[in-house]
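Subject: Handover of a structure, with notes

Dear colleague,

Please find below the structure that I am handing over to you. My notes on it follow directly after.

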Amino acid sequence: MYARAWLLALPLSLTFIGGGRAADGEDNQPVPHPFCQNILGDLGKSIVTLKCSSGRNLFILPDNFNVTHVHPIITHVIFNGGVVLHHGVTSLPERPTLRSVQLYQFNEADTNPRFPVDTFFTNIKSHLKSIFLERVKLLYLQSTDLEGFVGLESLRLVQVQVDVLGADIFQSLMPDTASLPVLSNLEISRGTIRAMDWSFLRPISKSLRTLNLDRLNLTASVWHCSGSGFKLEKATTLSLIHNNLEQIPQCFVNSLSATALEELHLQTPLSAFCPSSSKCDCCDLSSLAAWLRRFNLLQVTRVITCGKEKKHFSGFPTKTAFEANCPKPTTARRTIATTKAPLLTRITSTNSPPTSSLAHSSVTYSPDSPTQASSTRPSTATSTETIASTKWTSTISITDHSVISSVITRSSSTNSATTTVLPLPSGSSSTKIKLKKPSHYYSAAFIFRIKLNKPIFRSFGAGFYNSTF
């Protein structure tokens, strides 16, 4: 189904390995390791692939791998199984003809260091076109990792253990307004993302053509939007299959290009849109449906999973009816830090209803009343306060009638965090929670139930407790 879209993203080296021949005679060059071989392409000596395949952690750079023996006119490199250390010569040598690099199973062991992206590619950044990393321990992505890759067209990262996609990870591909990135094919797949800022695509929004974010356990709660909007001006194919999405964030819809988009894939066996319905007619999809109808793109959504039975629908929205006043889905906007221990550093808006006040709110506490059931999904109210270099974030989940949980967390420049259980004040049926700036703050987590005085007011505020301890 994705053959046409992703054929462009396949590393170029595969084109020349099939039917190639091992270099011999006057073409025989030293190889950097006994388990490596130089393969000439069918087009002659101008295409040389260095293939190093063992299936084990056999290649150790620099201990037993002599990079100076890499062929002088090498075009493609394929490594399977190895470790790149942080001492000695750990970089591929300068080879102006090198265009693509594939690495499989590198630095996987717990005792191995993070794969040194910047160091390994430092000599070939300016002319490299394609990078494919599978089962390579990256752990995180930061803007300096891709600095200097001015000609990179295809980047595929599969099972690289990255769990945060921050807004600035591709910023270094756009060092100034005069030069634009050329990255057109991007894949980040097979992992678990715990925080994603959709703005991470803004620096490459003018060049991106195909995007694969499959099998990342994405949910609406980890999908955030920060900064101004942008358009994926050339993106023809977007794939989000095998995730846990039940909502479509509005910033995603706003980033789509009506003149470019051809395929949108949203199927998964893990979850379903409109889980309480029998088809794709819920409010969470109304915004996407309205956009597709507006531009007459009724065949763009190739497959989507909807309904109680998680059926795969080949067309959306077609003739599906939606409520006229269906509210648009909203997404928390956050800026995500991309350090070795990535943290969410600032929250600029919330999922709470417009009438919610985070600074001043009153609730009635009923310790003996049973929890009231609600068919409405919990919404989240969040606030952030900064004192010096320490950030305090309060997050509260509620239904129409019940507070499910409230959590106040602390993060500081030392990347440390503490949690203390703090009960509600006893002997009181009504409690006010206010934002203040005390000299001491406590990190707290508590669970309680409320009974609202008036049904029309279904929001409340949360803040920081003043303590004299």
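I begin with H127. Apart from its neighbours within four places in sequence, H127 is in contact with R95, P96, L98 and R99. Please bear in mind that this is a predicted model. H127 is located in the loop that runs between α3 (117–120) and β7 (130–136). Although H127 and R99 are 28 residues apart in sequence, their C-alpha atoms are 6.6 Å apart in space. Two polar approaches involve the side chain of H127. One of its polar atoms lies 2.8 Å from the backbone oxygen of R95, and the side chain also makes a polar contact with the side chain of S126, at 3.3 Å. H127 counts as buried because its relative accessibility is 15%, and the cut-off for buried is under 20%.

As to the chain overall, it has five helices and 26 strands. Its length is 469 residues, of which buried residues make up 49%. The accessible surface comes to about 21,900 Å², and 53% of that belongs to carbon and sulfur atoms. Among contacts with a separation of 6 or more, 72% are between residues 24 or more positions apart.

One of the sheets may be described briefly. Three strands form an open sheet in the order β9-β11-β13, with parallel pairing. Its edge strands, β9 (164–165) and β13 (223–224), each pair on one side only. β11 (residues 195–197) and β13 are joined in the parallel sense over two bridges, and H224 in β13 is the bridge partner of D197.

I turn next to the interior. In general, nonpolar side chains in soluble globular proteins tend to be buried together. Here the largest nonpolar core has 87 residues, and W198 and F200 have the most contacts inside it. Helix α5 supplies the largest share of this core, namely four residues. F200 is in contact with L165, G166, A167, I169, F170, L186, I188 and L213, leaving aside its neighbours within four places in sequence.

W198 also takes part in an aromatic pair. The count of such pairs comes to 16. In one of them, W198 and F252 are arranged edge-to-face, at 5.4 Å centre to centre and with 65 degrees between the planes. W198 lies in the loop between β11 and β12 (210–212) and F252 in helix α4, so the pair ties together parts that are 54 residues apart in sequence. W198 is buried, with a relative accessible area of 1%, and F252 counts as buried at 0% relative accessibility. Elsewhere, ring pairs link F59, F65, F79, F106, F115, F120, F121 and F149 into a cluster.

Helix α5 spans residues 286–294, and S286, S287, L288, A289, W291 and L292 are buried in it. The cover over these buried residues includes α4 (250–255), β15 (263–266) and β16 (301–306). After α5 comes N296, which has a positive phi, near 55 degrees.

Which residues does T301 touch, not counting those up to four places away in sequence? They are L264, L266, L292, S314, G315 and F316. T301 is found in strand β16, and it counts as buried because its relative accessibility is 0%.

With kind regards

Conventions: Residues are numbered from 1 along each chain as its sequence is written. This is a predicted model: local features need pLDDT of at least 70, side-chain atom pairs count only at pLDDT 80 or more; totals for chains, interfaces and linings use all residues. Side-chain values use heavy atoms; hydrogens and water are left out. Two strands pair if DSSP finds at least two bridges between them. Buried means under 20% relative accessible area, exposed over 50%, partly exposed in between (1.4 Å probe, protein chains only). Contact means heavy atoms within 4.5 Å. A polar contact is a pair of N or O atoms within 3.5 Å; within protein, one must be able to donate a hydrogen and the other to accept it, and residues adjacent in sequence count only if both atoms are side-chain atoms. A nonpolar core is a set of buried Ala, Val, Leu, Ile, Met, Phe, Trp, Tyr and Cys residues joined through side-chain atoms within 4.5 Å. Accessible areas come from the Shrake-Rupley method with a 1.4 Å probe; for residues, only the protein chains shown count as cover. Rings of Phe, Tyr and Trp (its six-membered ring) pair if their centres lie within 6.5 Å; planes under 30 degrees apart count as stacked, over 60 as edge-to-face and the rest as tilted.
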